Amino acid sequence: MHILGEEFVVGYRQQTEWMWLIATAFFLGEIGAGVFFISYLFGFIQGLVVSLFIVLIGKTTAHLLYLGRPERFWRMFTNFQSWITRGLYAIVLFAILGGTYTLDVLGYITLSEGVLYAIGILAAILSFVVMIYDGFVMSYSPSIPLWNTTLLPVLCVTYSLLGGATLTLFMANQMGSSLSGMILLERIEISLLILNLIIICAYALTMKYSTMTARKSIDFLVKERYSIPFLGGVVVVGLIITMILAIYYTTTPLYLILVALAITELIGDYLIRILLLKSGIYAPVLSI
Amino acid sequence: MVRYGMVIDLKRCIGCQSCTIACKEEHGTPKGILYTKTLMKEEGKFPNIRRLFVPVLCNHCEEPLCKKVCPTGATEQRGDGIVTIDDNKCVGCRACYVGCPYKSRYYLPKDERLKKGYFGVLTPFEEIKYRDFKEGTVVKCTFCYHRVDQGLNPACVDICPTDARKFGDLEDPSSEISVLLSEREHIQLLPEAGTKPSVYYLL
């Protein structure tokens with residue numbers, strides 16, 4: 001059965017409302033939160049600053065541009081039953097606590113050591129919520145079977161951490177920072193690439209054997225309309241080539257390799273989000 | 001407590017789209033927005049072919065997913081089960097649109113359709129009806145609550161020439177729709193979504 005548009009026929013229909021702007025918002029939010037989390041772990045101050053800008057300016061702008069009535073955005077704080085509202089609260093708290101922590105480590109304010117430690121931990125936890133909530137927003141409703149799985153929030157987190165590790169590695173090198181634990185970060189990067197490859201395969205296999213609609217979505221990704229960007233962009237460029245570059249970088253730490261590594265990883269990181277949105281398919285309303 | 005529902009007899013529906021037109025006339029929906037429509041399904045191979053017509057609309061679910069995902073509380077459920085959208089609260093995030101398994105919702109984008117209507121210039125009818133629509137918000141079938149509150153049936157029910165659509169109180173065992181549901185084999189659309197739709201289809 002082919003995919004329908006607005007024809008008056010019973011059949012599969014593609015999700016068309018959440019596209020580029022939502023993918024961009026998810027990408028920036030998750031990458032930004034990932035950078036904060038990794039930078040917090042490694043004590044990379046510049047990373048904390050950049051991550052806050054990515055989340056607060058990048059993600060927020062993309063979301064506001066998407067809204068039909070952006071002037072009423074404050075109303076989105078009112079229904080805590082919705083994952084969008086929960087995510088919004090997480091972003092605000094993340095901004096407040098992450099901002100406070102960053103201002104202290106930059107020396108603009110002075111907090112006691114205990115308070116700073118607690119705020120840092122809370123900000124890191126909130127960055128984790130920012131990474132995962134997009135996955136819950138998508139997986140909550142069973143309308144699109146491809147998204148209706150607990151693997152999706154997991155995928156969001158692992159891709160956020162991967163993007164975060166990549167950008168932190170790149171920024172630390174770019175800014176000439178003497179980041180302690182650089183070798184550990186390189187190893188984390190490679191581990192996350194392997195982990196993401198495993199999760200992508202597990203996700204595709206799980207959904208292929210779940211429902212007919214989810215299988216149709218997976219066919220979209222691996223055989224039909226989006227097979228080139230998915231297999232070529234997400235898997236080959238985003239994971240495999242990035243992994244080769246990351247391994248090569250550990251032995252030959254050339255700046256050019258790091259640039260290529262960051263570019264290939266971010267391409268895959270963005271593509272997975274837009275492709276998951278584009279390959280969302282609704283089940284036919286009638287199966288008899 | 002009243003809980004309104006609709007029963008659609010698939011054996012009676014002839015796919016004439018009268019309900020589609022009556023709904024458009026009742027609500028004056030802009031171009032591209034159909035609160036109800038009749039889908040067609042063909043099955044089998046020649047010469048053994050069966051054609052089925054399936055009228056679809058908002059299912060006014062007992063447990064509406066659209067209400068749960070709405071971050072602003074714009075999607076509300078009345079005491080009689082009718083699911084409505086408060087366009088003064090809607091921010092146009094389209095979470096409800098994406099989250100509805102039946103794709104029964106429409107987004108009214110910021111384009112020319114409310115300014116130019118169907119013919120390039122708004123007709124007097126469109127001028128009046130389009131006052132009810134706000135750009136940048138989501139709209140959907142209301143079960144014609146403005147008619148129901150006056151004791152009338154939804155427009156799609158009254159217009160149906162084959163009497164395929166019935167409207168009434170699902171909680172009242174003596175209502176016509178409750179009797180039909182107790183006597184005839186019936187289904188709901190996508191019951192696996194767990195939304196408990198208030199629209200039933202008689203087989």
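I began with two helices of chain A in this predicted model, and found that the axes of helix 5 (residues 151-174) and helix 9 (residues 255-278) come within 10 Å and cross at roughly 155 degrees. Because angles over 145 degrees count as roughly antiparallel, I noted helix 5 of chain A as roughly antiparallel to helix 9 of chain A. The crossing of helix 5 of chain A past helix 9 of chain A is left-handed, and I sorted the residues of their contact by class into 16 nonpolar, 6 polar and 3 charged.

Next I turned to the nonpolar cores. The largest has 104 residues, of which A:Trp18 and A:Trp147 touch the most other members, and helix 5 of chain A supplies the largest share of this core, with 12 residues. Apart from this core I found another, of 40 residues, which includes B:Leu108, B:Val139, B:Val148 and B:Val199.

I then listed the contacts of A:Trp18, leaving out residues up to four places away in sequence: A:Tyr66, A:Val137, A:Met138, A:Trp147 and A:Leu277 in chain A, together with B:Cys93, B:Arg94, B:Ala95 and B:Val98 in chain B.

Last, I looked up a lysine of chain B. B:Lys37 belongs to strand 2 (residues 37-45) of chain B, and with a relative accessible area of 10% B:Lys37 is buried, since the cut-off for that term is under 20%. With residues up to four places away in sequence again left out, B:Lys37 touches A:Glu6 and A:Phe8 in chain A, and B:Gln17, B:Thr20, B:Val54, B:Pro55, B:Val56 and B:Tyr106 in chain B.

Conventions
Residues are numbered from 1 along each chain as its sequence is written. Chains are lettered from A and ligands numbered from 1 in the order in which they are written. This is a predicted model: local features need pLDDT of at least 70, side-chain atom pairs count only at pLDDT 80 or more; totals for chains, interfaces and linings use all residues. Side-chain values use heavy atoms; hydrogens and water are left out. Helices (H or I, at least four residues) and strands (E, at least two) are DSSP runs, numbered from the N terminus. Buried means under 20% relative accessible area, exposed over 50%, partly exposed in between (1.4 Å probe, protein chains only). Contact means heavy atoms within 4.5 Å. Axes are lines fitted to C-alpha atoms, for helices over the stretch in contact, and angles run from 0 to 180 degrees between N-to-C directions. Angles under 35 degrees count as roughly parallel, over 145 as roughly antiparallel, 65 to 115 as roughly perpendicular and the rest as oblique. A crossing is left-handed if the near helix is turned anticlockwise from the far one by less than a right angle, and right-handed if clockwise. Ala, Val, Leu, Ile, Met, Phe, Trp, Tyr, Cys and Pro count as nonpolar, Asp, Glu, Lys and Arg as charged, and the others, Gly among them, as polar. A nonpolar core is a set of buried Ala, Val, Leu, Ile, Met, Phe, Trp, Tyr and Cys residues joined through side-chain atoms within 4.5 Å.
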